[in-house]
Amino acid sequence: MFRLQGSRTLAVDLADDAVKAKNGSMVAYDGRITFKKMTGGGDGLRGMVTRGLTGEQMAVMEVKGQGTCYFADRASEISLVSLRGDKLCVEASNLLCTDAGLRTGTTFTGLRGGASGNGLFTTTVEGTGQVAIMSEGSAVALRVSASYPLFVDPGAYIAHQGNVQQHFQSGVNFRTLMGEGSGESFQIRFEGEGIVYVQPSERNTIGGDV
């Protein structure tokens, strides 16, 4: 069971089950719990091949046993996402913890990933269970519908779930519209039905000050 202790610490109650968490994110625990370092970036043979081709490495650990374990990372804000047989796409740097039964992998993001400064691949989490994601400041969950597409600055993007398609657009962004942009600029257009998670802080991007 995942629960928040404040907004920056995740508490996970374990009853002879397991979770996968960002390596080094444990800050305290009680009970009989073991920790095993794993290599992330995907489960099974497909994950191994993807890591070999892309060089993508995500340091994770398996946390297993009985008791309560507490996780945090650089005082980041934490949000909980529930999956019910669907898929979450999330930047690896924003993923804190998942139920062990959830499948993890990678997916190609193309120019969107390059523009956001996170590389050409992002992490996928699939199945039924809970996921804890991190953000700089409190994350906002924004609904995407067929009638109302969503435009997001790549530097503020964290994750998305649902039947959502994303399209990369260049030459315009929010600051450009306000006359404050400089150089090449980018944004992502999300269409379909689902949720996009954004943070009130922007990573550096290849488009410069976007």
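This briefing covers the fold, cores, strand pairing, cysteines and selected residues of one protein. The model is predicted, with a mean pLDDT of 82 for the protein. The protein contains three helices and twelve strands. Of its 210 residues, 47% count as buried.

**Confidence**

- A pLDDT of 70 or more is reached by 74% of the residues.
- Over residues 44–56 the pLDDT is below 50. In the model, this stretch has 16 contacts beyond near neighbours in sequence.
- Residues 206–210 also have pLDDT under 50. For residues 206–210 the model has 16 contacts beyond four places in sequence.

**Overall surface and contacts**

- The accessible surface of the protein is about 10,200 Å². Carbon and sulfur atoms account for 51% of that surface.
- Among contacts with a separation of 6 or more, 78% join residues 24 or more positions apart.

**Nonpolar cores**

- In soluble globular proteins, nonpolar side chains tend to be buried together.
- The largest nonpolar core here consists of 16 residues. Leu10, Val12, Val19, Val63, Phe71, Leu96 and Cys97 have the most contacts inside this core.
- At least two residues of this core come from each of β2, β4, β6 (95–99) and β8 (121–135). The most are given by β2, which contributes five residues.
- A second, separate core has 13 residues, including Val81, Leu83, Val90 and Ala159.
- Valine 12, one of the residues with the most contacts inside the largest core, touches Met1, Phe2, Val19, Gly67, Thr68, Cys69, Phe71 and Cys97. That list does not count residues up to four places away in sequence.

**Strand pairing around β11**

- Strand β11 (residues 157–170) pairs with β5 in the antiparallel sense, over three bridges.
- Strand β11 also pairs with strand β12 (residues 186–198), again in the antiparallel sense, over 13 bridges.
- Glutamine 161 takes part in both pairings: this residue of β11 is the bridge partner of leucine 88, and glutamine 161 stands opposite isoleucine 195 in β12.

**Cysteines**

- A disulfide is a covalent bond between the sulfur atoms of two cysteines.
- The structure holds zero disulfides. Cysteine 69 is in no disulfide, and the nearest cysteine sulfur, that of cysteine 97, is 8.1 Å away. The cut-off for a disulfide is 2.5 Å between the sulfur atoms.
- Cysteine 69 counts as buried because its relative accessibility is 0%, the limit for buried being under 20%.
- Cysteine 89 has 9% relative accessibility and therefore counts as buried.

**Residues with positive phi**

- Most residues other than glycine have a negative phi.
- Aspartate 16 is not a glycine, and its phi is positive, near 60 degrees. Aspartate 16 is located in strand β2 (residues 9–22). Its relative accessibility is 55%, so aspartate 16 counts as exposed, the limit for exposed being over 50%.
- Arginine 74 is not a glycine either, and has a positive phi of about 55 degrees. Arginine 74 is found in the loop between β4 (59–71) and β5 (77–90). With a relative accessible area of 68%, arginine 74 is exposed.
- Arginine 74 and methionine 134 are 60 residues apart along the chain, and 9.9 Å separates their C-alpha atoms.

**Glutamine 199**

- Glutamine 199 belongs to the segment after β12.
- Is glutamine 199 buried or exposed? Glutamine 199 is buried, because its relative accessible area is 5%.
- Asn94, Ser135, Glu136, Gly155, Ala156 and Ile158 are touched by glutamine 199, leaving aside residues up to four places away in sequence.
- Serine 138 is 61 residues from glutamine 199 in sequence, and their C-alpha atoms are 6.5 Å apart in space.

Key:
Residues numbered from 1 in each chain as written. Predicted model: local features only at pLDDT ≥ 70, side-chain atom pairs only at ≥ 80, totals over all residues. Heavy atoms only, no water. Helix = DSSP H or I, 4+ residues; strand = E, 2+ residues; numbered from the N terminus. Buried < 20%, exposed > 50% of the residue type's maximum accessible area, 1.4 Å probe, protein only. Pairing = 2+ DSSP bridges. Contact = heavy atoms within 4.5 Å. Areas by Shrake-Rupley, 256 points an atom, 1.4 Å probe, with all protein chains shown as cover. Core = buried A, V, L, I, M, F, W, Y, C linked by side-chain atoms within 4.5 Å. pLDDT = per-residue confidence, 0-100.
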